[in-house]
Amino acid sequence: MLRRTRRTLWIVALVLLVLAAAIYLRFKAPPEAARLLPESDGIVYVNLRPLRALLHKNLNPVSRAPEYQAFIDATGIDWERDLEEAAVALHRMPDPRGPNGPVAYSTVLVGKLDGKRLARYLEAHANGKEIYAGHTVYSLPSEGRTVRVAQIAYDTVAISNYPSTEQIHSMLDRHRTAALPFSGSTLLAEHYSEMPLLSIAWGMGEIGLPFSEDGSIHVLGMELPIEPDTTFLASVHWAGALKLRVEEIAATDATAASQAASLNLLLAVARGATAGLGSNAANNSLKEVLRTADVSQHRNRVVANATLPQNLPVALLNGAGSDSGANSESK
(Lines give C-alpha, C1' and ligand atoms only; values in the text may rest on other atoms or scores of the structure.)
Protein backbone atom coordinates (compact mmCIF):
# COMPACT_ATOMS: atom_id res chain seq x y z
CA MET A 1 0.00 0.00 0.00
CA LEU A 2 2.82 2.38 0.93
CA ARG A 3 4.63 1.59 -2.33
CA ARG A 4 1.48 2.36 -4.33
CA THR A 5 1.03 5.67 -2.51
CA ARG A 6 4.63 6.66 -3.22
CA ARG A 7 4.21 5.77 -6.90
CA THR A 8 1.06 7.91 -7.09
CA LEU A 9 2.87 10.84 -5.47
CA TRP A 10 5.74 10.52 -7.92
CA ILE A 11 3.31 10.49 -10.86
CA VAL A 12 1.48 13.55 -9.53
CA ALA A 13 4.79 15.38 -8.95
CA LEU A 14 5.97 14.52 -12.48
CA VAL A 15 2.71 15.75 -14.02
CA LEU A 16 2.92 19.00 -12.04
CA LEU A 17 6.54 19.46 -13.11
CA VAL A 18 5.64 18.95 -16.78
CA LEU A 19 2.74 21.40 -16.48
CA ALA A 20 4.97 23.98 -14.77
CA ALA A 21 7.59 23.59 -17.51
CA ALA A 22 4.92 23.97 -20.22
CA ILE A 23 3.54 27.12 -18.58
CA TYR A 24 7.06 28.58 -18.22
CA LEU A 25 7.88 27.88 -21.87
CA ARG A 26 4.61 29.45 -22.98
CA PHE A 27 5.32 32.51 -20.84
CA LYS A 28 8.79 32.94 -22.34
CA ALA A 29 7.76 32.11 -25.91
CA PRO A 30 6.93 34.74 -28.55
CA PRO A 31 3.21 35.35 -29.16
CA GLU A 32 1.69 32.87 -31.60
CA ALA A 33 0.79 35.65 -34.04
CA ALA A 34 4.49 36.52 -34.33
CA ARG A 35 5.53 32.86 -34.60
CA LEU A 36 3.32 32.49 -37.68
CA LEU A 37 5.22 35.18 -39.59
CA PRO A 38 7.57 34.09 -42.41
CA GLU A 39 11.27 34.88 -42.69
CA SER A 40 11.68 38.64 -43.01
CA ASP A 41 13.94 41.68 -42.59
CA GLY A 42 11.92 43.09 -39.70
CA ILE A 43 9.03 42.30 -37.35
CA VAL A 44 6.62 44.60 -35.53
CA TYR A 45 4.10 43.29 -32.96
CA VAL A 46 1.35 45.05 -30.99
CA ASN A 47 -0.90 43.60 -28.29
CA LEU A 48 -3.97 45.79 -28.37
CA ARG A 49 -5.78 44.21 -25.42
CA PRO A 50 -4.18 46.40 -22.70
CA LEU A 51 -4.19 49.42 -25.02
CA ARG A 52 -7.89 48.92 -25.71
CA ALA A 53 -8.61 48.96 -21.98
CA LEU A 54 -6.76 52.31 -21.80
CA LEU A 55 -8.19 53.87 -24.96
CA HIS A 56 -11.68 52.39 -24.87
CA LYS A 57 -13.61 55.35 -23.44
CA ASN A 58 -11.31 58.19 -24.43
CA LEU A 59 -11.13 58.15 -28.23
CA ASN A 60 -13.02 60.66 -30.31
CA PRO A 61 -15.25 59.30 -33.09
CA VAL A 62 -13.43 59.16 -36.44
CA SER A 63 -14.85 59.50 -39.92
CA ARG A 64 -14.36 56.33 -41.95
CA ALA A 65 -13.54 56.09 -45.62
CA PRO A 66 -16.49 54.79 -47.65
CA GLU A 67 -14.54 51.66 -48.67
CA TYR A 68 -13.78 50.80 -45.05
CA GLN A 69 -17.38 51.42 -43.99
CA ALA A 70 -18.51 49.08 -46.78
CA PHE A 71 -16.11 46.42 -45.42
CA ILE A 72 -17.58 46.81 -41.91
CA ASP A 73 -21.14 46.59 -43.23
CA ALA A 74 -20.36 43.44 -45.22
CA THR A 75 -18.24 41.53 -42.67
CA GLY A 76 -19.32 42.90 -39.30
CA ILE A 77 -15.62 43.42 -38.52
CA ASP A 78 -14.43 46.81 -37.31
CA TRP A 79 -10.70 46.54 -36.74
CA GLU A 80 -10.75 49.62 -34.48
CA ARG A 81 -13.03 47.68 -32.15
CA ASP A 82 -12.29 44.00 -32.84
CA LEU A 83 -8.54 43.77 -33.43
CA GLU A 84 -6.64 42.28 -30.45
CA GLU A 85 -3.17 41.50 -31.82
CA ALA A 86 -1.23 42.44 -34.93
CA ALA A 87 2.10 41.00 -36.07
CA VAL A 88 3.76 42.35 -39.21
CA ALA A 89 6.78 41.05 -41.13
CA LEU A 90 8.68 43.53 -43.35
CA HIS A 91 10.26 42.26 -46.56
CA ARG A 92 12.83 44.42 -48.35
CA MET A 93 12.16 44.54 -52.10
CA PRO A 94 15.18 44.14 -54.45
CA ASP A 95 14.19 47.22 -56.44
CA PRO A 96 12.80 49.95 -54.13
CA ARG A 97 11.61 51.93 -57.15
CA GLY A 98 9.96 48.93 -58.75
CA PRO A 99 6.21 48.24 -59.01
CA ASN A 100 6.13 46.70 -55.51
CA GLY A 101 7.81 49.63 -53.76
CA PRO A 102 10.61 49.35 -51.17
CA VAL A 103 8.81 47.10 -48.68
CA ALA A 104 6.28 44.28 -48.75
CA TYR A 105 4.31 43.19 -45.71
CA SER A 106 3.08 39.89 -44.30
CA THR A 107 0.60 40.30 -41.47
CA VAL A 108 -1.20 38.17 -38.90
CA LEU A 109 -4.29 39.73 -37.34
CA VAL A 110 -6.02 38.25 -34.29
CA GLY A 111 -9.43 39.41 -33.16
CA LYS A 112 -13.18 38.90 -33.21
CA LEU A 113 -14.15 37.59 -36.65
CA ASP A 114 -17.30 36.40 -38.37
CA GLY A 115 -15.69 33.77 -40.59
CA LYS A 116 -18.69 33.17 -42.84
CA ARG A 117 -19.31 36.85 -43.57
CA LEU A 118 -15.59 37.46 -44.12
CA ALA A 119 -15.42 34.54 -46.57
CA ARG A 120 -18.40 35.90 -48.51
CA TYR A 121 -16.76 39.31 -48.73
CA LEU A 122 -13.45 37.87 -49.92
CA GLU A 123 -15.22 35.64 -52.43
CA ALA A 124 -17.05 38.64 -53.88
CA HIS A 125 -13.94 40.84 -54.19
CA ALA A 126 -11.20 38.34 -55.10
CA ASN A 127 -9.92 38.02 -58.64
CA GLY A 128 -8.47 34.58 -57.91
CA LYS A 129 -8.11 31.94 -55.21
CA GLU A 130 -6.32 28.69 -54.41
CA ILE A 131 -6.49 25.96 -51.80
CA TYR A 132 -3.24 25.50 -49.86
CA ALA A 133 -2.71 23.37 -46.74
CA GLY A 134 -6.46 23.04 -46.34
CA HIS A 135 -7.09 26.80 -46.40
CA THR A 136 -8.55 29.03 -49.09
CA VAL A 137 -6.18 31.81 -50.14
CA TYR A 138 -7.95 34.74 -51.81
CA SER A 139 -6.13 37.15 -54.14
CA LEU A 140 -7.38 40.74 -54.12
CA PRO A 141 -6.11 43.62 -56.29
CA SER A 142 -4.90 46.66 -54.32
CA GLU A 143 -3.09 49.70 -55.74
CA GLY A 144 -1.16 47.75 -58.35
CA ARG A 145 -0.31 44.90 -55.97
CA THR A 146 -1.95 41.58 -55.20
CA VAL A 147 -2.97 41.09 -51.58
CA ARG A 148 -3.42 37.46 -50.51
CA VAL A 149 -5.72 36.70 -47.57
CA ALA A 150 -6.45 33.45 -45.72
CA GLN A 151 -8.39 32.83 -42.52
CA ILE A 152 -6.26 30.31 -40.63
CA ALA A 153 -8.24 30.04 -37.37
CA TYR A 154 -11.57 31.18 -35.97
CA ASP A 155 -9.92 34.40 -34.74
CA THR A 156 -6.86 34.71 -37.02
CA VAL A 157 -6.27 36.05 -40.54
CA ALA A 158 -3.02 35.94 -42.53
CA ILE A 159 -2.39 38.64 -45.15
CA SER A 160 0.54 39.30 -47.49
CA ASN A 161 1.18 41.68 -50.38
CA TYR A 162 4.48 39.98 -51.26
CA PRO A 163 4.71 39.59 -55.07
CA SER A 164 4.63 35.76 -54.94
CA THR A 165 2.70 33.19 -52.87
CA GLU A 166 5.85 32.25 -50.93
CA GLN A 167 5.07 34.25 -47.78
CA ILE A 168 1.37 33.41 -47.41
CA HIS A 169 2.23 29.73 -47.93
CA SER A 170 4.92 29.98 -45.26
CA MET A 171 2.42 31.35 -42.73
CA LEU A 172 0.00 28.51 -43.46
CA ASP A 173 2.84 26.00 -43.06
CA ARG A 174 3.87 27.54 -39.75
CA HIS A 175 0.30 27.27 -38.49
CA ARG A 176 0.75 23.49 -38.40
CA THR A 177 3.56 23.84 -35.83
CA ALA A 178 2.14 26.84 -33.95
CA ALA A 179 1.70 24.78 -30.78
CA LEU A 180 5.49 24.53 -30.42
CA PRO A 181 6.40 27.44 -28.12
CA PHE A 182 9.68 28.36 -29.82
CA SER A 183 8.74 27.88 -33.45
CA GLY A 184 9.07 30.94 -35.66
CA SER A 185 11.44 32.81 -37.92
CA THR A 186 15.20 33.15 -37.58
CA LEU A 187 14.88 36.81 -36.57
CA LEU A 188 12.45 35.92 -33.80
CA ALA A 189 14.71 33.15 -32.50
CA GLU A 190 17.72 35.48 -32.43
CA HIS A 191 16.22 38.47 -30.64
CA TYR A 192 12.90 37.80 -28.89
CA SER A 193 14.67 36.80 -25.66
CA GLU A 194 16.03 40.38 -25.48
CA MET A 195 12.57 41.94 -25.34
CA PRO A 196 11.57 43.22 -21.86
CA LEU A 197 8.85 41.37 -19.99
CA LEU A 198 5.37 42.92 -20.12
CA SER A 199 6.01 44.46 -23.56
CA ILE A 200 2.75 45.47 -25.21
CA ALA A 201 4.49 46.43 -28.46
CA TRP A 202 7.88 45.58 -29.88
CA GLY A 203 9.88 45.47 -33.08
CA MET A 204 13.12 43.92 -34.27
CA GLY A 205 15.29 43.78 -37.35
CA GLU A 206 15.42 46.44 -40.05
CA ILE A 207 12.43 48.30 -38.68
CA GLY A 208 13.78 51.52 -40.17
CA LEU A 209 12.58 50.23 -43.55
CA PRO A 210 9.20 52.02 -43.59
CA PHE A 211 10.90 55.30 -42.65
CA SER A 212 13.78 55.13 -45.13
CA GLU A 213 13.98 57.59 -47.99
CA ASP A 214 16.83 57.76 -50.51
CA GLY A 215 19.17 55.74 -48.31
CA SER A 216 18.43 57.52 -45.00
CA ILE A 217 15.86 57.25 -42.21
CA HIS A 218 13.49 60.13 -41.50
CA VAL A 219 11.39 60.37 -38.32
CA LEU A 220 9.23 63.40 -37.50
CA GLY A 221 10.86 65.24 -40.41
CA MET A 222 14.40 64.70 -39.11
CA GLU A 223 17.06 62.66 -40.87
CA LEU A 224 18.68 60.21 -38.46
CA PRO A 225 22.40 59.36 -38.80
CA ILE A 226 21.59 55.67 -39.19
CA GLU A 227 21.74 53.29 -42.14
CA PRO A 228 18.34 51.87 -43.22
CA ASP A 229 19.58 48.29 -42.89
CA THR A 230 20.69 48.78 -39.27
CA THR A 231 19.24 46.20 -36.86
CA PHE A 232 17.03 47.65 -34.13
CA LEU A 233 15.29 46.22 -31.07
CA ALA A 234 12.42 48.39 -29.88
CA SER A 235 9.77 47.91 -27.21
CA VAL A 236 7.04 49.63 -25.27
CA HIS A 237 6.75 47.88 -21.92
CA TRP A 238 5.37 48.42 -18.43
CA ALA A 239 7.84 49.06 -15.60
CA GLY A 240 5.88 51.22 -13.15
CA ALA A 241 5.05 53.40 -16.17
CA LEU A 242 5.02 52.92 -19.91
CA LYS A 243 8.65 52.79 -21.06
CA LEU A 244 10.01 53.12 -24.58
CA ARG A 245 13.31 51.40 -25.31
CA VAL A 246 15.08 51.47 -28.68
CA GLU A 247 18.37 49.64 -29.16
CA GLU A 248 20.60 49.90 -32.23
CA ILE A 249 23.10 47.12 -32.93
CA ALA A 250 26.05 48.86 -34.60
CA ALA A 251 28.87 47.20 -36.55
CA THR A 252 31.59 48.28 -34.07
CA ASP A 253 32.00 49.96 -30.69
CA ALA A 254 33.41 53.05 -32.42
CA THR A 255 30.40 53.28 -34.71
CA ALA A 256 28.09 52.98 -31.70
CA ALA A 257 29.94 55.81 -29.91
CA SER A 258 29.61 58.05 -32.96
CA GLN A 259 25.91 57.22 -33.36
CA ALA A 260 25.21 57.90 -29.68
CA ALA A 261 26.88 61.32 -29.90
CA SER A 262 24.91 62.22 -33.05
CA LEU A 263 21.62 61.07 -31.54
CA ASN A 264 22.23 63.05 -28.34
CA LEU A 265 22.80 66.14 -30.48
CA LEU A 266 19.56 65.47 -32.38
CA LEU A 267 17.75 64.98 -29.09
CA ALA A 268 18.90 68.40 -27.90
CA VAL A 269 17.78 69.94 -31.21
CA ALA A 270 14.37 68.25 -30.95
CA ARG A 271 13.89 69.54 -27.40
CA GLY A 272 14.63 73.06 -28.56
CA ALA A 273 12.41 72.76 -31.63
CA THR A 274 9.41 71.58 -29.60
CA ALA A 275 9.81 74.06 -26.76
CA GLY A 276 7.69 76.65 -28.52
CA LEU A 277 4.86 74.31 -29.49
CA GLY A 278 1.42 75.26 -28.25
CA SER A 279 -0.06 73.51 -25.24
CA ASN A 280 -2.33 70.61 -26.13
CA ALA A 281 -2.44 66.93 -25.18
CA ALA A 282 -0.34 65.70 -28.13
CA ASN A 283 2.32 68.44 -27.87
CA ASN A 284 2.60 68.13 -24.10
CA SER A 285 3.04 64.35 -24.38
CA LEU A 286 5.73 64.76 -27.03
CA LYS A 287 7.61 67.26 -24.87
CA GLU A 288 7.44 64.86 -21.92
CA VAL A 289 8.85 62.01 -24.01
CA LEU A 290 11.75 64.20 -25.15
CA ARG A 291 12.34 65.46 -21.60
CA THR A 292 12.69 61.94 -20.19
CA ALA A 293 14.67 60.54 -23.13
CA ASP A 294 18.31 59.59 -22.77
CA VAL A 295 20.77 57.97 -25.17
CA SER A 296 23.70 55.85 -24.04
CA GLN A 297 26.30 53.50 -25.51
CA HIS A 298 27.00 49.94 -24.35
CA ARG A 299 29.82 48.46 -26.43
CA ASN A 300 28.44 48.10 -29.97
CA ARG A 301 24.92 49.02 -28.97
CA VAL A 302 23.21 52.39 -28.73
CA VAL A 303 20.30 52.42 -26.27
CA ALA A 304 17.60 55.09 -26.08
CA ASN A 305 15.08 55.09 -23.21
CA ALA A 306 12.11 57.34 -22.51
CA THR A 307 8.98 57.37 -20.36
CA LEU A 308 5.68 57.56 -22.23
CA PRO A 309 2.81 59.52 -20.68
CA GLN A 310 -0.18 57.22 -20.23
CA ASN A 311 -2.37 59.61 -22.25
CA LEU A 312 0.04 59.65 -25.23
CA PRO A 313 -1.73 56.95 -27.29
CA VAL A 314 -5.06 58.71 -26.74
CA ALA A 315 -3.63 62.12 -27.65
CA LEU A 316 -1.95 60.87 -30.81
CA LEU A 317 -4.92 58.85 -32.02
CA ASN A 318 -7.40 61.61 -31.29
CA GLY A 319 -5.14 64.04 -33.15
CA ALA A 320 -4.95 61.68 -36.12
CA GLY A 321 -8.70 61.22 -36.04
CA SER A 322 -9.26 64.97 -36.08
CA ASP A 323 -6.90 65.41 -39.04
CA SER A 324 -8.61 62.56 -40.85
CA GLY A 325 -12.00 64.15 -40.37
CA ALA A 326 -10.74 67.54 -41.52
CA ASN A 327 -9.15 66.08 -44.61
CA SER A 328 -12.25 64.18 -45.58
CA GLU A 329 -14.37 67.30 -45.23
CA SER A 330 -12.01 69.35 -47.38
CA LYS A 331 -12.37 66.83 -50.18
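Biologist: How many helices and strands does the secondary structure of the protein come to?
Modeller: The model before us is a predicted one. Its secondary structure contains both kinds of element, and the count is 11 helices and 15 strands.

Biologist: What percentage of the residues count as buried?
Modeller: A residue counts as buried when its relative accessible area is under 20%. The protein has 331 residues, and the buried share of them is 40%.

Biologist: Among contacts between residues at least 6 apart in sequence, what percentage join residues at least 24 apart?
Modeller: Contact here means heavy atoms within 4.5 Å. Of the contacts in the protein between residues at least 6 apart in sequence, the share joining residues at least 24 apart is 62%.

Biologist: Which element supplies the largest share of the largest nonpolar core?
Modeller: This core has 24 residues, and those touching the most other members are Leu37, Ile43, Val108, Leu188, Trp202 and Met204. At least two residues come from each of α2, β1, β2, β3, β6, α7, α8 and β8. The largest share is 3 residues, and the element that supplies it is α7.

Biologist: How many residues does the second, separate core have?
Modeller: The second core is separate, and its members include Leu51, Ile200, Ala201 and Leu263. In soluble globular proteins, nonpolar side chains tend to be buried together. The number of residues in this second core is 21.

Biologist: Which residues make the nonpolar surface patch, and what is its area?
Modeller: One member, Leu197, lies in the loop between α8 and β8. Leu197 counts as exposed because its relative accessible area is 52%, and the cut-off for exposed is over 50%. Together, Leu197, Leu198 and Trp238 make a patch of about 330 Å².

Biologist: Is Ser106 buried or exposed, and which side chain makes a polar contact with the side chain of Ser106?
Modeller: Ser106 is placed in strand β3. Because its relative accessibility is 0%, Ser106 counts as buried. Beyond four places in sequence, the residues that Ser106 touches include Leu37, Ala87, Gln167 and Met171. The polar contact of its side chain, at 2.8 Å, is with the side chain of His91.

Biologist: Where is Glu247, and is Glu247 buried or exposed?
Modeller: Glu247 belongs to strand β13, which covers residues 242–249. Leaving aside neighbours within four places in sequence, its contacts are Thr231, Phe232, Leu233, Arg301, Val302 and Val303. Since its relative accessible area is 9%, Glu247 is buried.

Biologist: Which residue meets Glu247 in a salt bridge?
Modeller: The two side chains are joined by a polar contact of 3.4 Å. That N to O distance also makes the pair a salt bridge, because the limit is 4 Å. The partner is partly exposed, with a relative accessible area of 28%, and is named Arg245.

Biologist: How many residues apart are Arg301 and Glu194?
Modeller: The side chains of Arg301 and Glu194 meet in a salt bridge of 2.5 Å, N to O. Arg301 is in strand β15, whereas Glu194 is in the loop between α8 and β8. Glu194 is partly exposed, as its relative accessible area is 34%. The pair links distant parts of the chain, and the separation is 107 residues.

Biologist: Which residues do salt bridges that share partners join into one network?
Modeller: A search of the whole structure finds 13 salt bridges. Some of them share partners, and the residues joined into one network in this way are Arg49, Glu84, Glu85 and Lys112.

Biologist: What percentage of the accessible surface belongs to carbon and sulfur atoms?
Modeller: The accessible surface of the protein comes to about 18,600 Å². Of this surface, the share belonging to carbon and sulfur atoms is 59%.

Definitions and conventions
Residues numbered from 1 in each chain as written. Predicted model: local features only at pLDDT ≥ 70, side-chain atom pairs only at ≥ 80, totals over all residues. Heavy atoms only, no water. Helix = DSSP H or I, 4+ residues; strand = E, 2+ residues; numbered from the N terminus. Buried < 20%, exposed > 50% of the residue type's maximum accessible area, 1.4 Å probe, protein only. Polar contact = N/O pair within 3.5 Å; in protein donor to acceptor, adjacent residues only side chain to side chain. Patch = residues over 30% accessible without salt bridge, like charges linked within 9 Å, V, L, I, M, F, W, Y side chains within 5 Å. Areas by Shrake-Rupley, 256 points an atom, 1.4 Å probe, with all protein chains shown as cover. Core = buried A, V, L, I, M, F, W, Y, C linked by side-chain atoms within 4.5 Å.
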